[in-house]
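This report describes a model of two protein chains, with attention to how the chains meet and to the annotated parts of one of them. Please consult the sequence and the structure below while reading.

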Amino acid sequence: MAEMVCRECHRILKGQTCPVCGSGNLSSDWSGMVIIIDPKRSEIAKKIGIETPDRYALKVR
Amino acid sequence: MASEDEESAIFVVKTTANQERSVAVMLTQIAKKDRLDIRSILAPDELKGYILIESPRASIVEQAIQTVPHARSIVKGQSSLDEIMHFLTPKPTVTGITEGAIIEITSGPFKGEKARVKRVDEGHEEITVELFDAVVPIPITIRGDTVRVLKKEEQS
């Protein structure tokens, strides 16, 4: 099954709803992936305002 | 950890084409398992065959990629965050397409057809065009990334 992305928080996930924000507003049309492992020390995470480690899409349509 | 306060740098790792995401996912697992100081991994679609790794030292990245299939080598030198900022904020695909421009459709049922842009929807990244070869002018809406601009806005 194609991986989906939550349009609200940009998380890449597998189910039908986002487990974090509970939203069902998902999209399969996304591009670019960023994996945040250590949000406290990651400059990239700070720049894009991510506080929890996870996989995120850079762009969601 | 020795690298607790070390500043992040961006290292580029060469991968097999189309395996960028799988390499990124595997590197994440290894970084977690071996407690390596890799802070984030970036796999932008624009960068084919490479991924970007945020870590304080090249030796950490070198160690992490050793056992990962499809991860080939680390590119010499390092980048700064400023140099990769444009990957974090992708431009809408309709940027550069203006109303009145002449475009060619590059995929879908109208592939190869030339058309004039009637409307640009930046939010949905769609454009509405009218085909030149159509007998009756019917507006069709297509995705902004499936066109190539032939001629910018034409005054008529």
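Which residues of chain B does UniProt list for "domain: NusG-like N-terminal"? The unreviewed entry in UniProt gives residues 7-91 of chain B; positions follow the numbering used here, feature names are shortened, and annotations may be inferred rather than shown by experiment.

## Basis of the model

This is a predicted model, in which local features need pLDDT of at least 70 and side-chain atom pairs count only at pLDDT 80 or more, while totals for chains, interfaces and linings use all residues. Residues are numbered from 1 along each chain as its sequence is written, chains are lettered from A and ligands numbered from 1 in the order in which they are written, and side-chain values use heavy atoms, with hydrogens and water left out.

## Annotated spans of chain B

In the span 7-91 of chain B, the end C-alpha atoms are 28 Å apart, and the content is 35% helix and 25% strand. Helices (H or I, at least four residues) and strands (E, at least two) are DSSP runs, numbered from the N terminus.

UniProt, again in an unreviewed entry, lists "domain: KOW" for residues 96-123 of chain B. Here the end C-alpha atoms lie 14 Å apart, with 0% helix and 43% strand.

## Strand pairing in chain B

Strands E6 (residues 114-121) and E7 (residues 126-131) of chain B run antiparallel and are joined by six bridges; strands count as paired if DSSP finds at least two bridges between them. B:Ala115 has B:Leu131 as its bridge partner. E6(B) and E7(B) form a hairpin with four residues between them, and B:Glu125 in the turn has a positive phi of about 55 degrees.

E7(B) is also joined by five bridges to antiparallel strand E8 (residues 139-143) of chain B, where B:Thr128 is partnered with B:Thr141.

## The interface of chains A and B

Contact (heavy atoms within 4.5 Å) involves 20 residues of chain A and 34 residues of chain B. The two chains bury about 2,200 Å² between them, 60% of it on carbon and sulfur atoms; this is the accessible area (1.4 Å probe) lost on being put together, summed over both parts. A:Ile37, A:Arg41 and A:Arg61 supply 31% of the area that chain A buries against chain B, more than any other three residues.

Four salt bridges link the chains, each a side-chain nitrogen of Lys or Arg within 4 Å of a carboxyl oxygen of Asp or Glu. B:Glu125, the turn residue with positive phi, forms a salt bridge with A:Arg61, the closest N and O atoms being 3.7 Å apart.
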